[in-house]
Amino acid sequence: MSHVIPRRIYYVIFAVLVVLTLVTTEVAFFDFGLMNPVIALTIAVVKATVVVLYFMHMRYSSRLTMVIGAAGIFWLGILLALTMSDYLARGAGTY
Amino acid sequence: MDSLTLPRTHYANAEYGLRSWLLTTDHKRIALLFLGSISAFFLIGGLFAMLIRLELLTPPGDMVGADTYNKLFTMHGIVMIFMFLIPSIPAVFGNFFVPIMVGAKDLAFPRLNLLSWYIFMIGGLFTLAAIALGGVDTGWTFYTPFSTHASQSNVMVAAVGVFIMGFSSILTGLNFIVTIHTMRAPGLTWFRLPLFIWAMYATSLINVLGTPVLAISLVAVALERALHIGIFDPAYGGDPVLFQHLFWFYSHPAVYIMVLPSMGVVSELVATFSRKNIFGYTFVAFSSLAIAVFGFLVWGHHMFVAGMSVYGAMIFSILSFMVAVPSAVKVFNWTATLYKGSISYETPMLYALGFIGLFAVGGLTGLFLATLAVDVHVHDTYFVVAHFHYIMVGGALMGYLGALHYWWPKMTGRMYPDLIGRIAAVTVFIGFNLTFFPQFVLGYLGMPRRYHAYAEEFQALNVLSTAGASILAVGFLIPAFYLLWSLKYGKVAGANPWGSVSLEWTTPSPPPTFNFDETPVIAGPAYDYREPEAKRA
Amino acid sequence: MPDAAFDPRAVPGADAHAAALHSPALKHHFDDLGQQKEAATLGMWLFLATEVLFFGGLFAAYLLYRVWYPDVFGEASRSLDITLGSVNTLVLIGSSLTMALAVHAAATGQRRTLMIFIALTMLLGAVFLGIKGVEYYDKIVHHHVPGPSFHFEGPTPERAQLFFSLYFAMTGLHAFHMVIGLGLMTVILLMAWRGRFSATWYTPVEMSGLYWHFVDIIWIFLFPLLYLVDRHS
């Protein structure tokens with residue numbers, strides 16, 4: 001059967017998530033130019049990752065589960081990347 | 001055991017009554033529920049096809065008006081794609097045989113399987129309602145801004161219907177993936193699986209990863225149409241081509257949902273009817289996965305002339321060339337399997353051979369379309385129509401018919417008269433080529449698609465095409481008669497009428513409710529025609 | 001896999017194993033509870049992957065239009081209440097904590113604790129929806145709801161409307177999933193109250209937990225994307 005994870009870990013992860021939320025909110029009020037969305041999304045990715053790994057037990061799950069999780073994100077990446085490859089390249093060149 | 005009597009109890013007579021069918025969780029019964037539904041839908045889709053071909057007998061639009069014609073090809077597309085081809089092999093033969101081929105008693109989630117059928121029927125009902133209410137005229141592709149702003153037809157109802165049916169595909173795919181991962185019999189390692197299972201697995205990947213994007217595209221169209229949210233509307237800064245990106249992200253992989261299962265079937269048929277192991281099993285297995293993955297990277301080739309960036313188009317073009325490679329690998333491997341095989345030409349094999357030839361033509365013409373410069377000329381012409389019908393009908397549908405004729409004795413316990421089966425197969429082949437080959441020429445000569453009228457000089461080829469369609473229709477109808485006839489009067493088939501070594505033929509025909517009396521243990525490769533007894537432990 | 005000669009009673013420590021083999025929770029087409037649990041877990045993760053792509057279509061639209069109209073999107077974003085947004089984020093994170101603790105309680109056979117944490121999760125979920133309701137009401141009052149009564153100061157109000165269309169579509173879809181989550185939790189609560197769960201079998205709690213955390217993750221991305229576009233201007 002599955003691991004029973006000590007509750008302490010959940011409290012730690014919760015604290016991490018709260019801190020990161022406060023950080024991302026505060027940082028938004030400072031002008032880092034193009035880095036603002038990068039920072040915000042990086043923090044969001046870190047938050048999502050710890051939720052997936054610990055709250056959703058991915059850390060303690062089979063490799064196949066990890067592959068499925070990764071596949072979902074990777075496929076979203078394909079959708080976003082190839083769609084934007086059209087839009088970002090429009091107007092480029094002499095066409 | 002006398003193998004030429006029907007087993008006394010099997011899955012179809014273990015319980016009686018409507019409730020036992022409508023509330024069944026037996027994957028085999030659910031497969032038959034799907035078989036009934038999609039057969040009915042196929043007739044409806046075929047009816048629209050006949051009306052199209054009748055209109056196109058003469059150059060002027062004299063049978064129906066332009067708007068009605070738009071509805072005819074739209075409904076033909078929606079019904080044939082979403083209500084027949086997408087479910088076809090997975091929901092019928094996948095449902096029936098995936099558990100048996102992996103040595104399991106049922107799929108991982110039997111109740112979800114039944115739910116999948118009900119979802120399919122509800123979605124189907126919505127789509128039929130759209131037809132009854134007067135049809136949809138946007139094309140099955142629902143392009144914006146016509147679908148969101150200008151069309152006066154029942155777009156919402158149809159979109160809701162397709163949206164709902166999408167969840168049926170997702171659930172089926174999810175069920176197959178989990179089953180294949182977790183419920184294989186002892187000794188059944190991945191590389192001992194039949195190639196049909198590899199094909200079902202790859203198809204399921206596409207179903208699970210692609211269909212949700214179709215779903216959200218249709219939601220967006222519905223929101224745009226009802227609430228004018230602006231997501232595809234230039235007046236609000238939106239881009240109509242964005243819809244095409246979201247739509248084709250699913251709908252290109254969808255064509256692989258339609259053809260991969262047939263490829264899996266062809267692998268089974270070629271092995272059985274040439275009494276030979278599939279040449280290059282590993283390559284064929286991985287090619288299914290490659291098609292599933294690469295199929296997600298090419299959708300832009302539907303949009304080359306829609307205003308997308310040239311550089312984006314170039315990327316999609318080269319990826320589209322690459323996706324042809326794994327398909328070609330399969331064709332080469334099937335051919336190599338046939339070489340020096342002990343080939344017999346029963347009905348299923350005729351369909352398999354038809355698939356190989358016609359799919360090759362369809363696939364090669366795809367390369368023409370993937371070439372940017374050529375596509376500029378043939379996009380939205382009958383060249384495209386011919387290309388995809390060679391794949392969808394010459395390929396996918398022939399694979400479906402091959403599966404139907406191959407596994408009919410297993411599912412029903414009865415054989416059909418093979419001579420009539422072969423006559424029907426040849427009729428289909430002749431009718432098909434007569435219908436669609438002229439369309440390559442028509443497209444090349446410039447006849448546009450989705451027009452109810454055309455220039456005078458195209459009439460001769462159109463008449464040829466319609467004549468072919470009539471023959472094709474006859475070819476499709478003949479099996480309905482002899483298959484239904486065989487249920488009562490067909491010869492009892494026995495467990496293994498074809499002499500195949502695949503696992504499903506070791507269980508009685510029809511199989512018992514729990515598929516096997518004892519869980520099978522596998523000790524040998526998937527196809528071993530040299531020593532058929534060695535692989536069963 | 002057990003073969004014909006395997007006798008569970010003959011194996012040391014077999015009682016728990018035998019119990020697992022003959023548990024009323026074991027469905028007949030599975031060999032044992034472990035296989036059944038693995039199947040359920042894979043199935044739920046696959047479903048969550050479909051949800052990623054379902055939301056993903058809207059994320060794609062959002063990405064495009066934010067790249068095209070950064071200034072208007074920034075202005076529209078600033079009209080969202082960042083305090084309510086960040087509070088809501090904390091509320092959902094809290095609900096994920098209570099959900100994780102609920103699963104833990106189920107795994108250790110603590111029925112009452114399980115019910116308490118499920119109820120807390122539902123409470124926090126309801127708080128989230130309540131705050132969302134307040135925000136939506138605020139948007140209605142300010143005429144920021146796309147439609148005939150939409151009004152936004154600036155040179156390109158129609159592009160601001162595009163932002164709000166995406167805002168309502170994305171948060172609306174998210175809220176819809178939350179409501180479904182609350183429905184799931186109700187079912188779990190009822191099943192827990194009826195004593196259906198034990199340390200041997202609590203799969204529905206775990207699967208519902210996965211769903212709940214996923215809905216939280218969607219919000220973890222929605223918050224910075226919608227609320228934090230350009231707060232420093």
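Chain A is divided into domain 1 (1–61) and domain 2 (62–95), with bounds taken from an automatic or database domain assignment. The centres of these two domains of chain A, taken over C-alpha atoms, are separated by 23 Å. This is a predicted model, in which local features need pLDDT of at least 70 and side-chain atom pairs count only at pLDDT 80 or more, while totals for chains, interfaces and linings use all residues. Residues are numbered from 1 along each chain as its sequence is written, and chains are lettered from A and ligands numbered from 1 in the order in which they are written.

**Where chain A meets chain C**

- On the chain A side, 38 residues are in contact with 37 residues of chain C (C-beta atoms, placed from the backbone, within 7 Å).
- Helices α1 (7–27), α2 (35–55) and α3 (63–88) of chain A are the elements giving two or more residues to the side that touches chain C (helices are DSSP runs of H or I, at least four residues, numbered from the N terminus).
- With 14 residues, α3(A) gives the most to the side of chain A that touches chain C.
- That side of chain A divides into 26 nonpolar, nine polar and three charged residues (Ala, Val, Leu, Ile, Met, Phe, Trp, Tyr, Cys and Pro count as nonpolar, Asp, Glu, Lys and Arg as charged, and the others, Gly among them, as polar).
- The axes of α3(A) and helix α2 (residues 33–68) of chain C come within 9 Å and cross at roughly 15° (axes are lines fitted to C-alpha atoms, for helices over the stretch in contact, and angles run from 0 to 180 degrees between N-to-C directions).
- α3(A) and α2(C) are therefore roughly parallel to each other (angles under 35 degrees count as roughly parallel, over 145 as roughly antiparallel, 65 to 115 as roughly perpendicular and the rest as oblique).
- The contact of α3(A) with α2(C) has 20 nonpolar, six polar and no charged residues.

**Where chain B meets chain C**

- This contact takes 32 residues from chain B and 31 residues from chain C.
- On the chain B side, α7 (155–182), α8 (195–227) and α9 (240–273) each supply at least two residues.
- The largest share of the side of chain B that touches chain C comes from α8(B), with 10 residues.
- By class, the side of chain B that touches chain C has 24 nonpolar, six polar and two charged residues.

**Helix pairs inside chain B**

- Helix α2 (residues 27–55) of chain B and helix α3 (residues 66–85) of chain B have axes that come within 9 Å and cross at roughly 150°.
- These two helices, α2(B) and α3(B), are therefore roughly antiparallel to each other.
- Among the residues making this contact are B:Phe41, B:Phe42 and B:Phe48 of α2(B) and B:Phe73, B:Met80 and B:Phe84 of α3(B).
- The contact of α2(B) with α3(B) has 16 nonpolar, two polar and one charged residues.
- Further along, helix α11 (residues 310–338) of chain B and helix α12 (residues 347–370) of chain B cross at roughly 165°, and their axes come within 10 Å.
- α11(B) and α12(B) are therefore roughly antiparallel to each other.
- Residues that make this contact include B:Ser317, B:Ser320 and B:Trp334 of α11(B), and B:Ala360, B:Gly363 and B:Gly366 of α12(B).
- The contact of α11(B) with α12(B) divides into eight nonpolar, five polar and no charged residues.

**Helix lengths and what follows them**

- Helix α5 (residues 110–132) of chain B has 23 residues and reaches 33 Å from its first C-alpha to its last, close to the 33 Å expected at 1.5 Å a residue (the expected span is 1.5 Å times one less than the number of residues).
- After α5(B) comes B:Gly134, with a positive phi near 125°.
- In chain C, the end C-alpha atoms of helix α6 (residues 157–193) are 52 Å apart, which agrees with the 54 Å that its 37 residues should span at 1.5 Å a residue.
- α6(C) is followed by C:Gly195, whose phi is positive, near 75°.

**Backbone spots to look at in chain B**

- Most residues other than glycine have a negative phi, and most peptide bonds are trans.
- B:Thr144 and B:Pro145 are joined by a cis peptide bond with omega about 0°, and B:Pro145 sits in the loop between α5 and α6 (146–150) of chain B.
- Another cis peptide bond joins B:Ser509 and B:Pro510, with omega about -10°.
- B:Pro510 lies in the segment after α16 (459–489) of chain B.
- B:Asn515 is found in the segment after α16 of chain B, and B:Asn515 has a positive phi of about 75° although it is not a glycine.

Methods. Two residues are in contact if their C-beta atoms, placed from the backbone, lie within 7 Å.
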